Amino acid sequence: MSIVKINVLTVPAEQRETLEKRFASRAGLVESADGFEWFELLRPVDGTDNYLVYTRWRDEASFQAWMEGSMKEAHQGGSDRPKPAASGSTVWTMEVLQQAEPKAG
């Protein structure tokens with residue numbers, strides 16, 4: 001089964017719009033990666049500062065290849081690169097054990 005990577009980003013309120021615009025401008029970059037299955041950017045609504053970046057991959061090797069390839073290239077830059085919008089980041093790795101989709105009705 002697939003693996004899921006959830007990047008928990010701590011984003012201060014004054015940086016939320018910046019983070020969301022940066023993700024919007026990167027739309028389409030991960031979708032062509034071999035083994036990529038799904039992406040979601042989740043905005044907090046319960047009073048926390050934690051955004052979740054959800055990606056699902058065919059396997060760990062696919063994720064690692066993306067991290068060492070196009071993802072690494074996208075995050076390299078010179079001194080003119082803007083400051084990160086997030087003040088902290090933690091990555092969770094999960095295996096998909098079960099999944100379901102709506103029944104056709």
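Start by selecting serine 62, which is found in helix α2. Helices here are DSSP runs of H or I with at least four residues, strands are runs of E with at least two, and both are numbered from the N terminus. The model is predicted: local features need pLDDT of at least 70, side-chain atom pairs count only at pLDDT 80 or more, and totals for chains, interfaces and linings use all residues. Residues are numbered from 1 along each chain as its sequence is written, and side-chain values use heavy atoms, with hydrogens and water left out.

**Stop 1: serine 62**

Is serine 62 buried or exposed? It is buried, because its relative accessible area is 6%. Buried means under 20% relative accessible area, exposed means over 50%, and partly exposed lies in between (1.4 Å probe, protein chains only).

Show the side chain of arginine 58. A polar contact of 3.1 Å links it to the side chain of serine 62. Such a contact is a pair of N or O atoms within 3.5 Å; within protein, one must be able to donate a hydrogen and the other to accept it, and residues adjacent in sequence count only if both atoms are side-chain atoms. Leaving aside neighbours within four places in sequence, serine 62 is in contact with Asp34, Gly35 and Trp57. Contact means heavy atoms within 4.5 Å.

**Stop 2: helix α2**

Now select residues 60–68, helix α2. Its buried residues are Ser62, Phe63 and Trp66. They share one side of α2, because they cover an arc of only 100 degrees around the axis. The arc is taken from the directions from the helix axis to the C-beta atoms. Turn to the other side of α2: Ala61 and Glu68 are exposed there. An α-helix has 3.6 residues a turn, so residues three or four places apart point the same way.

**Stop 3: the sheet**

Show the strands. Four of them form an open sheet in the order β2-β3-β1-β4, with antiparallel pairing. β2 (36–42) and β4 (88–95) stand at the edges with a single partner strand each, so one side of each has no neighbour in the sheet. From one strand to the next, the twist averages 15 degrees. Axes are lines fitted to C-alpha atoms, for helices over the stretch in contact, and angles run from 0 to 180 degrees between N-to-C directions. Two strands pair if DSSP finds at least two bridges between them.

Walk across the pairs:

- β2 and β3 are joined by six bridges. Phenylalanine 36 stands opposite tryptophan 57 in β3.
- β1 and β3 pair over eight bridges. Look for valine 4 opposite arginine 56 in β3.
- β1 and β4 are joined by eight bridges. Here asparagine 7 stands opposite valine 91 in β4.

Stay on β1. Six of its eight residues are buried, so the rest of the structure largely encloses it.

**Stop 4: helices on the sheet**

Select residues 16–25, helix α1. This helix lies across β1 (3–10), β2 and β3, and runs at about 20 degrees to β3. Helix α2 packs on the sheet as well, touching β1, β3 and β4. The direction of α2 makes about 45 degrees with that of β1.

**Stop 5: threonine 55**

Threonine 55 is found in strand β3 (residues 50–57). It counts as buried because its relative accessibility is 7%. Its side chain makes a polar contact of 2.9 Å with that of tryptophan 57. Not counting residues up to four places away in sequence, threonine 55 touches Ile3, Val4, Lys5, Trp38 and Phe39.

**Stop 6: the cores**

Which residues form the largest nonpolar core? Select Ile3, Val30, Ala33, Phe36, Trp57, Phe63, Trp66 and Met71, eight residues. A nonpolar core is a set of buried Ala, Val, Leu, Ile, Met, Phe, Trp, Tyr and Cys residues joined through side-chain atoms within 4.5 Å. Leaving aside neighbours within four places in sequence, alanine 33 is in contact with Trp57 and Trp66. Another core, of six residues, lies apart from the largest one; among them are Val11, Leu19, Val53 and Ala85.

**Stop 7: methionine 94**

Finish in strand β4, at methionine 94. It is partly exposed, with a relative accessible area of 41%.
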